[in-house]
Amino acid sequence: MAPTPPERLPAIPPEQWTDEQKKVAEAIASGPRGQIRGPFLALLRSPGLAHTVQQVGEYLRFKSPLERRIAEMATLMAARHWTQQYEWQSHHAHAMKAGLNPAIADAIAEGRRPTGMANDEETLYDMLTEALHNQSVCDVTYARAVKIFGEQGVIELIAVAGYYAMLAMILNIGRKALPPGKEAMLPWFPH
């Protein structure tokens, strides 16, 4: 096995943070996340962006009216699309706690269509699969998604997938390592 390449955007030691970085880190740590970790350690390099991104994420994770099971399934789909191990590791646990069937998460991890999905899960899966692979969705898929989730729900699910896609790119390009003692859960797709 090849050695793991070093992180490109490792955590900046807190004693080196600027006043603006300290302010943003404090805002993140004092919010519902309880600490600054993962992509926010890299995002601190742009404190204004880190602040705005964390506010969007706080809304999507903690304030959105989306059912958590569905929001976490959307997150897992984005993490799988980008093969983002850190994101998958974190949100797999959230998805299980929210009641997503482990077999659905396993199928997503393996890159196959889950069987036995509920109607809302199947609608979400079809919408995000089309969006991630075709950069849009057909009228039939869109109409079905609006019928199940409403227009607000469709917008929020697209935002969840987009938000976690952005974080996945930051984590992938920054080569964010998994927390100590954690193993990669996503299989790598053949190239």
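In which helix does Ala 159 lie? Ala 159 belongs to helix α8; helices here are DSSP runs of H or I with at least four residues, strands are E runs of at least two, and both are numbered from the N terminus. Please keep in mind that this is a predicted model, in which local features need pLDDT of at least 70, side-chain atom pairs count only at pLDDT 80 or more, and totals for chains, interfaces and linings use all residues. Residues are numbered from 1 along each chain as its sequence is written, and side-chain values use heavy atoms, with hydrogens and water left out.

**The nonpolar core**

- The largest nonpolar core has 44 residues, and those with the most contacts inside it are Ile 36, Met 73, Trp 88, Leu 124 and Leu 157.
- Such a core is a set of buried Ala, Val, Leu, Ile, Met, Phe, Trp, Tyr and Cys residues joined through side-chain atoms within 4.5 Å.
- Two or more residues of this core come from each of α1 (19-29), α2 (39-43), α3 (47-63), α4 (68-81), α5 (85-97), α6 (102-110), α7 (119-134) and α8 (139-173).
- With nine residues, α8 supplies the largest share of this core.
- Not counting residues up to four places away in sequence, Leu 124 touches Ile 70, Met 73, Ala 74, Met 77, Phe 149 and Leu 157; a contact means heavy atoms within 4.5 Å.

- The buried residues of α4 pack against α5, α6, α7 and α8.
- The end C-alpha atoms of α4 are 20 Å apart, which agrees with the 20 Å that its 14 residues should span at 1.5 Å a residue; the expected span is 1.5 Å times one less than the number of residues.
- Thr 75 is found in α4 and is buried, with a relative accessible area of 1%.
- The side chain of Thr 75 reaches the backbone oxygen of Ala 71 at 3.0 Å.
- A polar contact like this is a pair of N or O atoms within 3.5 Å; within protein, one must be able to donate a hydrogen and the other to accept it, and residues adjacent in sequence count only if both atoms are side-chain atoms.
- Leaving aside neighbours within four places in sequence, Thr 75 is in contact with His 91, Val 160 and Tyr 164.
- Just after α4, Thr 83 takes a positive phi of about 45°.

**Helix α5**

- At the start of α5, a side-chain oxygen of Gln 84 reaches to within 2.7 Å of the backbone nitrogen of Tyr 86.
- From its first C-alpha to its last, the 13-residue α5 reaches 19 Å, close to the 18 Å expected at 1.5 Å a residue.
- A kink of about 25° in α5 is centred on His 91; the bend at a residue is the angle between axes fitted to the seven residues ending there and the seven starting there.
- Among the buried residues of α5 are Trp 88 and His 91, and the buried residues of this helix pack against α2, α3, α4, α6 and α8.

**Helix α8 and its tyrosines**

- A straight helix of 35 residues would span 51 Å at 1.5 Å a residue, but α8 spans only 34 Å between its end C-alpha atoms.
- In α8 there is a kink of about 105°, centred on Phe 149.
- Ala 159 counts as partly exposed, at 31% relative accessibility.
- Ala 159 and Leu 60 are 99 residues apart in sequence, yet 8.0 Å apart in space, C-alpha to C-alpha.
- Tyr 163 is buried at 6% relative accessible area, and Tyr 164 is buried at 4%.

- Gln 135, in the loop between α7 and α8, has a positive phi of about 65° although it is not a glycine.
- Gln 135 is exposed, with a relative accessible area of 66%.
- Arg 175 lies in the segment after α8 and has a positive phi near 55°.
- Arg 175 is partly exposed, with a relative accessible area of 31%.

Methods
Buried means under 20% relative accessible area, exposed over 50%, partly exposed in between (1.4 Å probe, protein chains only).
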